[in-house]
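Here is a short briefing for a reader who is new to this structure. Take the points topic by topic, with the model in view.

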Amino acid sequence: MTKWFSGTAIAVLWTMALSGAAGAQELKGPEPAPVGQSLQKGEGVRIARDTLMQARALDSYQEPGWVADMVKAGKLPPVKDRLPAVPLVVDTSSVEGPGVYGGVLRHVSGARPQGWNWAAGNVLAWGGVEEIISQCLVRNAPVWMLTPENTEPLPQLATRWEWSEDGHALTMHLLKGAKWSDGQPFTADDVVFHWEDNMNDPGVAAWGRPAAYGEGTKLEKVDDATIRWVFTEAFPVTTLYQMGYQKMCPGPAHILKPLHPKYNKDATYQSYATALSPDKTPWVTMGPWTVTDYRPNQIMVMRRNPYFYEVDDKGNQLPYLDEVQYKLSTWEDRTIQTVAGSADYANLEDPSLYLESMRQAQKPDFPTKVIWGPRSIDWSVLPNYSTVCGVASDRDRAIRELNRNAEFRRIVSQGIDRQALGQSLVRGPFIIPFAGGLHPESDFGSPDMTVFYPYDLAGAKAALARMGFTDTDGDGIVNWPADKAAMGGRNLDINLAYSTLYPTDTSIAQSLVTMLREVGVNAVLQPNNTELVNLIDGCAWDWVVRRGDRYSQAPIMNLDYLAPVAANRPEWHRGTPEKPQELLPFETELVSLVRQIQREPDAGKRNALLRDFNRLQTENVYQIGLVSVPAALLIGKRLHNVPAGTPVLAYGWGEDGAMRERLFVPADQQGSVPELAPRTLPGVQ
């Protein structure tokens with residue numbers, strides 16, 4: 001059942017929003033944003049930051065017996081020599097305690113690895129693969145467990161850091177003596193190469209860009225184990241969150257540098273991006289496991305990294321599990337196999353599977369735990385705002401101009417029956433209408449942070465006619481005004497791209513065609529059998545159906561994804577290195593708010609600014625929000641040390657939020673799932 005909030009202050013806000021929407025008076029004005037019934041049960045782990053993870057030397061270190069046998073045989077250095085001088089120590093008191101070595105974690109992925117050069121923007125296969133392979137300066141996902149007095153990112157490749165007195169410099173201390181999985185040293189050179197020759201090189205499609213760290217930011221090497229950031233602004237504290245997942249995650253420079261066109265006259269940026277194809281195994285990583293076997297469209301096998309830099313609080317080198325298997329199938333199959341007990345982990349994100357999964361969970365022999373979280377997943381239609389990227393014709397130019405019109409975006413938004421759309425996906429208390437933007441069910445959220453425009457088919461059609469769009473040929477689709485030189489008299493056809501990898505995306509796209517046709521807009525479906533990253537990067541699209549997640553649930557970590565503070569962000573308004581975005585007036589305000597958030601050290605004030613940001617973007621229908629749903633974490637009961645209350649998505653995905661290196665399978669249950677490559681290590685004969 002949906003609850004509705006009201007109040008004098010909120011009513012004033014909505015009245016102000018309505019009065020600011022010039023020319024749209026015939027459309028219904030804002031109403032209270034829907035707020036759904038929570039499905040969460042119980043409380044999660046809460047632990048002090050310095051207890052959960054800290055850099056600390058212990059008296060002694062242990063490893064699996066079969067790995068110790070390799071040391072005795074002279075195939076591997078002793079464990080103390082493979083670890084950093086001061087390793088990261090991970091707490092086990094907040095879970096079930098120290099684990100036992102051995103066993104397998106079985107994943108299913110609906111994506112496929114493009115290659116292992118994540119520094120050049122390759123997709124590694126999603127589903128938790130990225131978090132294993134691409135280790136970063138800091139770690140964000142387990143922050144959900146921390147007590148509120150300190151929710152600063154956790155250490156990862158950087159173990160500690162301190163600000164200068166004037167706040168313009170941040171010195172970071174790296175894992176001294178750490179090694180890549182091939183035994184080569186990890187040093188500041190790896191980090192500097194990533195920053196200078198990947199993130200700062202416009203020819204490399206890196207995941208992160210320097211603009212997200214502030215104008216004029218520089219990175220310096222102090223020594224092999226120390227780097228220093230130099231900022232133009234004082235105390236840009238949120239920049240720390242930008243140094244986590246997918247952003248400041250250096251690859252092995254000793255492998256990548258010889259492939260980079262700056263250092264290899266025979267190389268190109270294309271050859272650099274594609275040089276490390278998925279079949280080149282074992283791949284080199286700093287993570288707890290690394291890929292040792294890849295069979296296209298079948299399976300990917302990861303074995304423990306003997307040089308991994310973490311230990312538990314008893315000195316046992318992590319991870320506990322020897323092997324991780326990724327079956328390469330579909331995202332729907334991931335859930336089906338986890339429910340059936342033939343896989344161990346899934347994020348239950350497909351609403352069409354919710355009811356059946358809940359029914360199965362009532363059975364006493366159900367093999368998985370079901371942990372519901374907040375509504376942290378949504379679907380929106382993203383209109384392409386760019387006037388400088390991917391505009392190849394008069395038609396493209398006309399569509400972009402239309403997308404940049406706030407009245408048109410409201411017309412489209414209010415022509416969509418979100419309630420019906422949600423119930424067509426799954427009945428029950430799961431789905432609520434979503435206005436776009438940030439998620440109210442978050443640690444900064446409140447009902448009044450959203451300007452919500454309700455369904456109004458009649459008003460939408462009338463407003464479209466006021467803009468000059470009428471059906472002049474009687475086919476049910478409105479035509480462009482005659483005075484629109486390049487488009488005059490043509491049907492209003494707008495291409496709607498979506499990914500067929502996700503059944504929900506397909507269902508939503510097909511429903512939108514029907515709903516928008518009632519308004520008079522012809523949405524032309526453009527199915528894609530891959531992820532949409534490459535399509536979006538190319539800018540050659542009108543609209544896309546896009547599933548939102550961590551950017552809107554934990555925006556403090558992803559501020560560069562929310563507003564055009566960099567040339568390649570946000571997805572729906574791209575510029576180029578040569579031509580920055582042509583900002584709309586409200587976008588200029590959004591950028592200003594992002595800059596304030598980046599510089600605000602007080603978490604409470606940051607949260608208030610985030611709410612202001614969301615009111616402004618939803619008032620202007622920056623994205624055309626559709627529906628929002630909760631997600632559940634499904635994890636096999638054979639796995640132990642799953643933190644209580646682990647969310648599917650908070651500061652990162654649940655795969656990393658659960659800290660998989662701590663998971664273990666009791667010895668008497670390990671034989672039920674055999675290892676595919678027992679007693680082997682990457683690169684060790």
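W126 counts as buried because its relative accessibility is 17%, and buried means under 20%. The model is a predicted one. W126 sits in the loop between β3 (104-109) and α5 (129-133). Its phi is near 55°, a positive value in a residue other than glycine.

**Backbone points elsewhere**
- R679 is not a glycine either, yet it has a positive phi of about 55°.
- R679 lies in the segment after α20 (654-657).
- T281 and P282 are joined by a cis peptide bond, with omega about 0°.
- P282 belongs to the loop between α8 (269-274) and β10 (289-295).
- Another cis peptide bond links L318 and P319, where omega is about 5°.
- P319 belongs to the loop between β12 (310-312) and β13 (323-328).

**Helix α18**
- Helix α18 covers residues 585-599, which is 15 residues.
- From first C-alpha to last, α18 reaches 22 Å, close to the 21 Å expected at 1.5 Å a residue.
- Which residues of α18 are buried? They are F586, E587, L590, V591, L593, V594, I597 and Q598.
- Seen down the axis of α18, these buried residues fall within an arc of 160°, so they line one face of the helix.
- An α-helix has 3.6 residues a turn, so residues three or four places apart point the same way.

- The domain assignment gives domain 1 as 49-369 + 637-662 and domain 2 as 380-627.
- How far apart are the C-alpha centres of domain 1 and domain 2? They lie 32 Å apart.
- Domain 1 brings 34 residues to the contact, and domain 2 brings 35 residues.
- About 2900 Å² is buried between domain 1 and domain 2. Carbon and sulfur atoms give 57% of that area.
- On the domain 1 side, T238, P351 and Y651 lose the most area to domain 2. Together they make up 17% of what that side buries.

**Salt bridges**
- Between domain 1 and domain 2 the count is 2 salt bridges.
- R599 forms a salt bridge with E233. Their closest N and O atoms are 4.0 Å apart.
- R599 falls within the residue range of α18, 585-599.

Definitions and conventions. Residues numbered from 1 in each chain as written. Predicted model: local features only at pLDDT ≥ 70, side-chain atom pairs only at ≥ 80, totals over all residues. Heavy atoms only, no water. Helix = DSSP H or I, 4+ residues; strand = E, 2+ residues; numbered from the N terminus. Expected span 1.5 Å × (residues − 1). Buried < 20%, exposed > 50% of the residue type's maximum accessible area, 1.4 Å probe, protein only. Arc of directions from axis to C-beta. Domains from an automatic or database assignment. Contact = heavy atoms within 4.5 Å. Buried area = accessible area lost by both parts, 1.4 Å probe. Salt bridge = Lys/Arg side-chain N within 4 Å of Asp/Glu carboxyl O.
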